[in-house]
Amino acid sequence: LLRYQLYECNTEKIDIAREIQYLENYLALQRLRHDEQYHIHFEHAPEVKDFEIAPLILMPLVENAFKHISHQPANTVNIQMARQNGRFTFTVENTCEPRPQGAPGGIGLANVKRRLELLYNGKHALDISPGAHHFAVTLTLQV
């Protein structure tokens, strides 16, 4: 994981296959950490190949799913990737605790939004759907 972050991500774009491998490695680590407490599902359609994206643009969304997951006995993180008609769609959904009114937010999503504006200006959509016990983020990129 560290080698990927330090050495392989020093480019403007990276092959989606490398990002998928990085995410799979990260999820394997999370499975070891949380054992049977979490149900982690990662699905990527066969069409998700042969294109490049900005490195580590997806990772903060996955990290947030684990950071803000519910502390109940059954927790779920679902990650899906699809590609259709020149659009790449990345969805992360997780169970979560109800967030107190006025609770301060972190900088993760703000940084993702800013990077998207800089790197995919006018070529992306980011849909954030918070709920009382469920949180979902869908990122769509023109690729």
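The largest cavity in this predicted model has a volume of about 50 Å³. With a threshold of 30 Å³ or more, the count comes to one cavity. Its lining is made up of Leu-61, Asn-64, Ala-65, Val-92, Asn-94, Leu-109, Phe-135 and Val-137. Two or more of these residues come from each of helix H3 (59-67), strand S5 (87-95) and strand S7 (134-142). H3 gives the largest share, three residues. By residue class, the lining of the largest cavity has six nonpolar residues, two polar ones and no charged ones.

S5 and S7 also belong to an open sheet of five strands, in the order S2-S4-S5-S7-S6 and with mixed pairing. Strand S2 (38-44) and strand S6 (124-130) stand at the edges; each has a single partner strand, so one side of each lacks a neighbour in the sheet. From one strand to the next, the twist averages 5 degrees.

Helix H2 (residues 16-34) lies across S2, S4 and S5, and runs at about 170 degrees to S2. Helix H4 (residues 108-119) packs on the sheet as well, touching S6 and S7. The direction of H4 makes about 165 degrees with that of S6.

Terms used: Residues numbered from 1 in each chain as written. Predicted model: local features only at pLDDT ≥ 70, side-chain atom pairs only at ≥ 80, totals over all residues. Heavy atoms only, no water. 1 Å grid on protein atoms, 1.4 Å probe; cavity = no way out; pocket = protein on both sides within 12 Å on 5 of 7 lines; lining within 4 Å. Points joined across faces, edges and corners; volume = space filled by probe spheres on them. Helix = DSSP H or I, 4+ residues; strand = E, 2+ residues; numbered from the N terminus. Nonpolar A, V, L, I, M, F, W, Y, C, P; charged D, E, K, R; others polar. Pairing = 2+ DSSP bridges. Axes fitted to C-alpha atoms, helices over the stretch in contact; angles between N-to-C directions. Contact = heavy atoms within 4.5 Å.
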